Amino acid sequence: MRLHILGPLEVQDDRGAPVEITGVKRRALLATLVVRAGRTVSAGRLITELWGEHPPANAANALQAQMRRLRRSIEAACGEPDRIVTRPPGYALTLRAGECDATRFAEQAAAARTIAAGEPARAIPLLRTALALWRGPALEGCALGDVCAAEAAALDEHRLTALETLFAASLRAGRHHEVIGELETTSAAYPLRERFHDQLMVALDRSGRRSDALAVYDRARRRLLADLGVEPGPALRARMRSIMTNEPGPVAADDVAHESAELSRELAELQRRMDTLASRQEALLASLRLPAPRN
C-alpha cells in the first residue's frame, strides 16, 4: 500500500486505487500511527491526540472502536491483517520500505545532500524528484493533536530546507537564471525566511540585475521591521554590502557542505529533544493506568 502525508492524508492499495478513511477521529488516529510508525503509541497518548483535554467518559472503549474500523481499512489496503498490532501499553503500525511518502522524501533529499557540495548538477534532479512528492502542507486537512502537529511542522521545515539546498546547488552549478522565478515565488511565500532573499539576491546579481537584487534587500528589510521589529541578519546585510561594492559575497548562501553539516547537527539535536519529550509524555500517560487495549 501507499500512505501519503506530504499533503492531505491519503491511502492507496497495492494497485494504486484510493482507500477511503472516513471520519475525523479515524484519520487523526491513522496520522498519529503513521508519524510514529514502528513505535508503540500508548492508548493514553492516542486518546489525548484524538480528544485533547476533553475525552469522552468511555475514552478507552471509543478508541478501541476507532481502532477496529481503522484496522479493517488498512487490511483492505494491503491485504495483511496484522499491520496495526496491539503492543502494551498501546498500538503500533508496521510499514514496509517505501510505503510512506515522507520516508521516500527524506531518503531522496538526504542522498542529494551527500553529493550537493561536490556535484551540484547531479543533486538538482534528485532534489526536484524529492520535492515533487509534496502535494501541500504536511497532513493538510487533518485534525492535528500535539504529536501530529509537531511532526507536520518538522516535515514542512524539511521541505523548506530541501528547497534551500536545491537553490544553493543551482547557484553553485551556475544555473542562477533557472531559479530566479522560483526564488521570487518562494521568498514572497516565506517573507521572514532570510535565506530565500539571500539566494534570490545572488541569482539576480549574477544575472546582471544588480538594482533588482538590492530591491530584494529593501523589501525584506521592510517586512522584517514591520512584522518582527528587527533588522536583517548578518548574512543578508553582508550580501547587500557585497553587491553594492562589487566585492565577493559571503559563501554561506551557496556553501552546501557547510549547510549540510549545520543542518545535520540541528536536526539531530531537534530529534533528541523530541524523543526525550515523547518518552516523558508516554511515561506520564502510562502512570494514569488507563485500561489496557484489547485486540
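Colleague: Which exposed residues sit on the face of H4 turned away from its buried side?

Modeller: This is a predicted model, so local features need pLDDT of at least 70. The buried residues of H4 include Asp101, Phe105, Ala109 and Ala112. Down the axis of H4, the buried residues fall within an arc of 165°, so they line one face of the helix. The face turned away from that buried side carries the exposed residues Glu107 and Thr114.

Colleague: What span does H4 reach from its first C-alpha to its last?

Modeller: Helix H4 covers residues 101–116 and has 16 residues. At 1.5 Å a residue, 22 Å is expected. The reach of H4 is close to that, at 22 Å.

Colleague: And what does H6 reach from its first C-alpha to its last?

Modeller: H6 covers residues 146–172. It has 27 residues, and 39 Å is expected at 1.5 Å a residue. The reach of H6 is close to that value: 39 Å.

Colleague: Which residue with a positive phi follows H6?

Modeller: The phi in question is near 80°. It belongs to a glycine that follows H6. That residue is glycine 174.

Colleague: How many salt bridges does a search of the whole structure find?

Modeller: One of them joins the side chains of arginine 15 and aspartate 14, at 3.5 Å from N to O. Another joins aspartate 227 and arginine 223, at 2.6 Å from N to O. The search of the whole structure finds 16.

Colleague: Are arginine 15 and aspartate 14 buried or exposed?

Modeller: The cut-off for exposed is over 50% relative accessible area. Arginine 15 has 70%. Aspartate 14 has 58%. Arginine 15 is therefore exposed, and aspartate 14 is likewise exposed.

Colleague: How many residues apart in sequence are the parts that arginine 193 and glutamate 164 tie together?

Modeller: Arginine 193 forms a salt bridge with glutamate 164, with the closest N and O atoms 2.8 Å apart. Arginine 193 lies in the loop between helix H7 (176–189) and helix H8 (194–206), while glutamate 164 lies in helix H6, so the pair ties together parts that are 29 residues apart.

Colleague: Is that pair, arginine 193 and glutamate 164, buried or exposed?

Modeller: Buried means under 20% relative accessible area. Arginine 193 is at 18% relative accessibility. Glutamate 164 has a relative accessible area of 8%. Arginine 193 therefore counts as buried, and glutamate 164 is also buried.

Colleague: Which helix holds both aspartate 227 and arginine 223?

Modeller: Their side chains meet in a salt bridge. Aspartate 227 is partly exposed at 40% relative accessible area, and arginine 223 is partly exposed at 38%. The two are 4 residues apart, about one turn of the helix. Both lie in residues 210–228, helix H9.

Colleague: Are H9 and H10 roughly parallel or antiparallel?

Modeller: The axes of H9 and helix H10 (residues 234–245) come within 10 Å and cross at roughly 155°. Angles over 145 degrees count as roughly antiparallel. H9 is therefore roughly antiparallel to H10.

Colleague: What is the handedness of the crossing of H9 and H10?

Modeller: The crossing angle is roughly 155°. The crossing of H9 and H10 is left-handed.

Colleague: What distance separates the C-alpha atoms of valine 35 and leucine 93?

Modeller: Valine 35 lies in helix H1 (residues 24–35). At 11% relative accessibility, valine 35 counts as buried. Leucine 93 is 58 residues apart from valine 35 along the chain. Their C-alpha atoms are separated by 9.5 Å.

Key
Residues numbered from 1 in each chain as written. Heavy atoms only, no water. Salt bridge = Lys/Arg side-chain N within 4 Å of Asp/Glu carboxyl O. Buried < 20%, exposed > 50% of the residue type's maximum accessible area, 1.4 Å probe, protein only. Expected span 1.5 Å × (residues − 1). Arc of directions from axis to C-beta. Axes fitted to C-alpha atoms, helices over the stretch in contact; angles between N-to-C directions. Parallel < 35°, antiparallel > 145°, perpendicular 65-115°, else oblique. Left-handed = near helix turned anticlockwise from the far one by under 90°.
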